[in-house]
Amino acid sequence: MSSVGVQLNFRDETRLPQSCVRHGWPGFSVECVRINHASAFDYDWHGYSHYLAVHDITLRDGEVAVGDDEIANCASLRDRLTFVPANARVSGWSDLDGDNNSYAAVFFDPGLAEAECEHPLLRAAARPLLYFEEPQLCQTMRRLEALVTGNADPEPVAAETLGLLAILQLYPLLGGAFRQRAGHLTLSQQRNVTELVEARIASAISLSEMAAVAGLSRYHFARSFSRTYGRAPHRYLLLRRISLAASFLANSTLPVSEIALRAGFSSPARLSTAFGRIMGTSPRTFRQLVR
């Protein structure tokens with residue numbers, strides 16, 4: 001493994017992973033690997049990033065060592081999670097059973113959560129957690145995995161929100177605690193965010209950029225934004241884009257492909273999927289109904 005991705009040393013070099021998808025955002029990166037065949041591989045980790053993964057794996061056999069302690073792998077790692085702190089050495093081997101094994105991993109800076117929450121979260125060094133279960137964290141990791149693997153260019157605001165949520169959901173399991181800051185965005189902050197969204201609606205907008213114009217960390221911005229608008233930033237941005245697309249459909253003769261780009265969607269298919277989910281009909285049918 002490395003801070004930019006897991007290095008798996010397959011014993012049969014002709015049977016490599018079916019797919020490996022990697023994306024990065026400020027402070028963390030995500031890697032999703034799918035192996036559509038039974039394989040055996042070795043691994044060794046000693047990096048400068050924290051590592052959090054959700055597994056969807058079944059094993060015939062395997063072994064993992066944390067430092068000098070060796071632990072037998074569970075037969076089923078489906079929906080099990082692993083956390084390895086920076087500079088902790090973890091090594092071992094796995095012999096996969098069956099097809100459709102996969103994992104999704106988040107690599108993040110050790111100081112990221114503390115910086116987002118703006119105060120120390122842990123009084124002692126983080127410890128490794130191998131093959132543990134935590135349904136809420138697992139669900140967040142699965143949502144992040146679906147977003148990353150389902151889109152060649154994942155929506156930045158949604159990806160950053162889910163990545164940070166997963167990281168912050170982890171810390172109570174390590175003994176950390178959060179300072180909950182109550183409050184809403186001020187009128188000035190709301191205006192700055194609105195101006196950014198309206199000026200950049202046709203292009204990618206990140207959670208980092210939205211938080212920056214409000215003068216907040218991403219964690220505090222997302223919480224304050226949700227209190228102010230009653231929805232998460234990525235949901236607000238999606239609804240604003242759908243509203244703009246609906247206006248173009250009703251009041252212009254632009255083709256749907258052009259409307260998709262002007263409303264901030266990377267393709268007509270992405271617009272059609274989102275439009276149908278929210279409006280209950282396709283863009284073309286909507287245009288016929290309102291004109």
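Is Ser 206 buried or exposed in this predicted model? Ser 206 is buried, at a relative accessible area of 15% (buried means under 20%, with a 1.4 Å probe and protein chains only). Ser 206 sits in the loop between helix 4 and helix 5 (207-214). Helices are DSSP runs of H or I, at least four residues long, numbered from the N terminus. Beyond its neighbours within four places in sequence, Ser 206 touches Pro 156, Val 157 and Glu 160 (contact: heavy atoms within 4.5 Å).

The model is predicted, with local features needing pLDDT of at least 70 and side-chain atom pairs pLDDT 80 or more, while totals for chains, interfaces and linings use all residues. Residues are numbered from 1 along each chain, and side-chain values use heavy atoms, without hydrogens and water.

Helix 4 (residues 187-200) and helix 6 (residues 218-229) have axes that come within 12 Å and cross at roughly 95 degrees. Axes are lines fitted to C-alpha atoms over the stretch in contact, with angles from 0 to 180 degrees between N-to-C directions. Helix 4 is therefore roughly perpendicular to helix 6 (65 to 115 degrees). Gln 190, Val 193 and Thr 194 of helix 4 meet Phe 221, Phe 225, Thr 228 and Tyr 229 of helix 6. This contact comprises four nonpolar, three polar and no charged residues (nonpolar: Ala, Val, Leu, Ile, Met, Phe, Trp, Tyr, Cys and Pro; charged: Asp, Glu, Lys and Arg; polar: the others, Gly among them).

The lining of the largest pocket divides into twelve nonpolar, six polar and seven charged residues. Helix 7 supplies the largest share, five residues.

Technical notes. Helix = DSSP H or I, 4+ residues; strand = E, 2+ residues; numbered from the N terminus. Parallel < 35°, antiparallel > 145°, perpendicular 65-115°, else oblique. Buried < 20%, exposed > 50% of the residue type's maximum accessible area, 1.4 Å probe, protein only.
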